[in-house]
Amino acid sequence: MSKYRAALFDMDGTLFNTKRGIVKALRLAIEEFGLEPLKEGEEEQFIGPPIQKTIESFYGTSREESVDCANLFRKYYREKGYVLECDLYEGMEECLAALKEHGIKLAVASLKKEDMVQRICDNYDITKYFDSIHGTDASDSLSKSDIIHICMDEMGVVDNGEAVMIGDTSFDALGAKEAGVPFLAVSYGFGFHSEEDADDYDNIGTAATAPDIVRFFI
């Protein structure tokens with residue numbers, strides 16, 4: 001029997017391929033804000049981390065300008081329905097069902113705005129699998145480790161060693177480290193493209209597909 005009792009999933013690049021909707025909203029926001037259009041392949045670095053931070057580092061904008069551009073992105077993302085233009089990764093629902101069936105507590109711990117996280121889960125009918133669903137707050141004051149601990153408290157998991165953060169980027173890995181929980185990398189998302197990429201961060205392994213995740217728990 002696995003020593004892990006809980007699995008906490010990142011959303012963008014782990015549960016869902018959210019690139020389609022994010023890129024549409026991002027292009028509109030960048031155009032309206034008067035920034036240089038992104039070249040093919042540059043969009044992926046904006047998926048997963050807090051988008052205002054990526055805008056600031058990529059374009060060299062001030063923090064205030066970056067927040068304004070990010071808010072414009074979120075406006076388009078919500079109002080034009082781009083938030084729902086995403087795809088659950090192949091085999092993911094079967095993965096969630098298998099973990100749930102074996103008594104593993106499940107959570108979504110995302111740096112995406114919490115209302116967006118909930119909306120996506122509801123729309124794709126996967127809310128039923130999760131014991132806890134949380135994203136960041138309206139003011140972006142929560143860190144990844146904060147969100148991990150909120151999920152763990154809600155699930156009643158006290159021992160950090162019994163919970164695993166599952167994600168596709170360094171933000172997930174570092175959040176897990178700060179929270180004191182093990183980290184499982186996935187290489188099918190936007191950050192880690194191979195096991196070697198993920199090996200730069202402490203992890204219990206790398207999953208190349210959604211079904212691969214199950215073997216770390218069952």
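Student: Which residues does Y77 touch, not counting residues up to four places away in sequence?
Tutor: The structure is a predicted model, in which local features need pLDDT of at least 70 and side-chain atom pairs count only at pLDDT 80 or more, while totals for chains, interfaces and linings use all residues. Residues are numbered from 1 along each chain as its sequence is written, and side-chain values use heavy atoms, with hydrogens and water left out. Contact means heavy atoms within 4.5 Å. With sequence neighbours up to four places away set aside, the residues that Y77 touches are T18, G21, I22, A25, Y82, V83, K112 and M116.

Student: Is Y77 buried or exposed?
Tutor: Y77 is found in helix α3; helices (H or I, at least four residues) and strands (E, at least two) are DSSP runs, numbered from the N terminus. Buried means under 20% relative accessible area, exposed over 50%, and partly exposed in between, with a 1.4 Å probe and protein chains only. Because its relative accessible area is 0%, Y77 is buried.

Student: Which residues have the most contacts inside the largest nonpolar core?
Tutor: A nonpolar core is a set of buried Ala, Val, Leu, Ile, Met, Phe, Trp, Tyr and Cys residues joined through side-chain atoms within 4.5 Å. The largest one has 54 residues, and its largest share, 6 residues, comes from helix α3 (residues 63-79). Apart from this core lies another of 21 residues, among them C151, A163, F192 and A198. Inside the largest core, the residues with the most contacts are F9, M92, F130, I213 and F217.

Student: What is the bridge partner of A7 in β6?
Tutor: Strand β1 (residues 6-9) pairs in the parallel sense with strand β4 (residues 105-113) over 4 bridges, and 4 bridges also join β1 to strand β6 (residues 163-167), again running parallel. A6 and L8 point one way from β1, A7 and F9 the other way, and all are buried. In β4, A7 has L106 as its bridge partner, while F9 stands opposite V108. In β6, the bridge partner of A7 is V164.

Student: Is T206 buried or exposed?
Tutor: T206 is placed in strand β8. Not counting residues up to four places away in sequence, T206 touches L184, A185, S187, E195, A198, R215 and F216. Since its relative accessible area is 13%, T206 is buried.

Student: What is the phi of D140?
Tutor: D140 is found in the loop between β5 and α6 (144-155). With a relative accessible area of 27%, D140 is partly exposed. D140 is not a glycine, yet its phi is positive, at about 60°.

Student: Which element gives the most to the lining of the largest pocket?
Tutor: On a 1 Å grid over the protein atoms alone, a cavity is a set of points where a 1.4 Å probe fits but cannot get out, and a pocket is an open set with protein on both sides within 12 Å along at least five of seven lines; lining residues have an atom within 4 Å of a point. The largest pocket is lined by 14 residues, of which P50, K53, L111, S143 and K144 lie nearest its centre. The elements that give two or more residues to this lining are α2 (51-59) and α7 (170-179). With 4 residues, the element that gives the most is α7.

Student: What is the volume of the largest cavity?
Tutor: The whole structure holds 2 cavities of 30 Å³ or more. Of the 15 residues that line the largest cavity, the closest to its centre are P49, I51, F73, L111 and K112. A volume is the space filled by probe spheres set on the grid points, which are joined across faces, edges and corners. For the largest cavity, the volume is about 170 Å³.

Conventions. Two strands pair if DSSP finds at least two bridges between them.
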